[in-house]
Amino acid sequence: MAARQMRWLLSGELLVYLVLSAWLVGRGGWTPLAAGGLVLGCFLGLRLFVTALTFILMRANSDQVPGQFRIGPIRALRMAFEEYAGLIVLFSVIQPFEAFWVGPDHLGKAAGRPPLLLIHGYQCNRGFWFWLRPRLEAAGWIVATHNLEPVWAGIDDYLQDIERRIDEVLAATGAQRVILVGHSMGGLVLRAYLRRYGSARVAHIVTLGSPHQGTRLAPLGLGRNARQMRPGSPWMAALASPGAVPLPPGSVSIFSCHDNYVFPQRTCSTLQGAANVIVGGISHLAMAFSPLVLDKLLEALDKP
């Protein structure tokens, strides 16, 4: 469903650009090359605007960056470019066609380590794991993925399907427990799963760039899940209530002090009861392609 929705949105956007360019060629006297340049400029410019807006809001709402993670202007520009490229690649190339790029999961029998179940974030799908999944498999992990649908549902609406997917993964691998890995909103889905179903079948959880205390970007999002991710929302308060199920031992929250979607970064991403691992110079979507994040994830997965 998410991939189909992305394809429709992408097709609708391109159709608008093509109609505009045809009008400019037919009525405005533009050359086809100039009109094509306008289409490309509109396509790239819209994504540049979205990227720039997130960084502007991040700069206005950031925690103070620890000294060891401060970056200079060159690294900041590189980080912004990586985020811009990640937005284009993920939302215009990979995720709209995730079945082609990612393919089915390969669930062999577990041999000594729990299988992984990867849960993506807000408005994404399993295509988010395009780069990370094969590298986790190359490190010897059995990796399963899952799509959260519908896109704009409440976070708790995803939990029954997560439970069903865990059943499938454990049956296919012969394992007793899984390790749950979530990016962004996916980390909140994992915690909500633990609140409803407990941790008997979960070895531990690892979150990447997750808004554990909400994010100030959430008011710009659509859907019930975006409203739930607002700092101080009733849903966030219930998730952190004293009666909440404790995290399994070895759980980890990995986050960037330069995250341009989850901010203030340390305030929003720190998870009580987990080991909190900070990285710097990495933006939110660029986590999907970051060797540093991969290294930190592999370290977290090897925790007992």
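What covers the buried residues of helix 7 includes strand 1, helix 6, strand 3, strand 4, helix 8 (224–228) and helix 9. Buried here means under 20% relative accessible area, with a 1.4 Å probe and protein chains only. Helices (H or I, at least four residues) and strands (E, at least two) are DSSP runs, numbered from the N terminus.

A word on the model. It is predicted, so local features need pLDDT of at least 70 and side-chain atom pairs count only at pLDDT 80 or more, while totals for chains, interfaces and linings use all residues. Residues are numbered from 1 along each chain as its sequence is written, and side-chain values use heavy atoms, without hydrogens and water.

Back to helix 7. 10 of its 13 residues are buried, so the rest of the structure largely encloses it. Among them are M185, V189, R191 and Y193. After helix 7 comes G198, with a positive phi near 80 degrees.

Now the core, meaning buried Ala, Val, Leu, Ile, Met, Phe, Trp, Tyr and Cys residues joined through side-chain atoms within 4.5 Å. The largest nonpolar core has 34 residues, of which I155, I166, L180, M185, V189 and Y193 touch the most other members. Helix 7 gives the most to this core, with 7 residues.

What does L180 touch, not counting residues up to four places away in sequence? Its partners, with heavy atoms within 4.5 Å, include L117, I166, Y193 and V206.

Finally, a second, separate core of 30 residues includes L87, L90, I254 and V279.

Terms used. Buried < 20%, exposed > 50% of the residue type's maximum accessible area, 1.4 Å probe, protein only.
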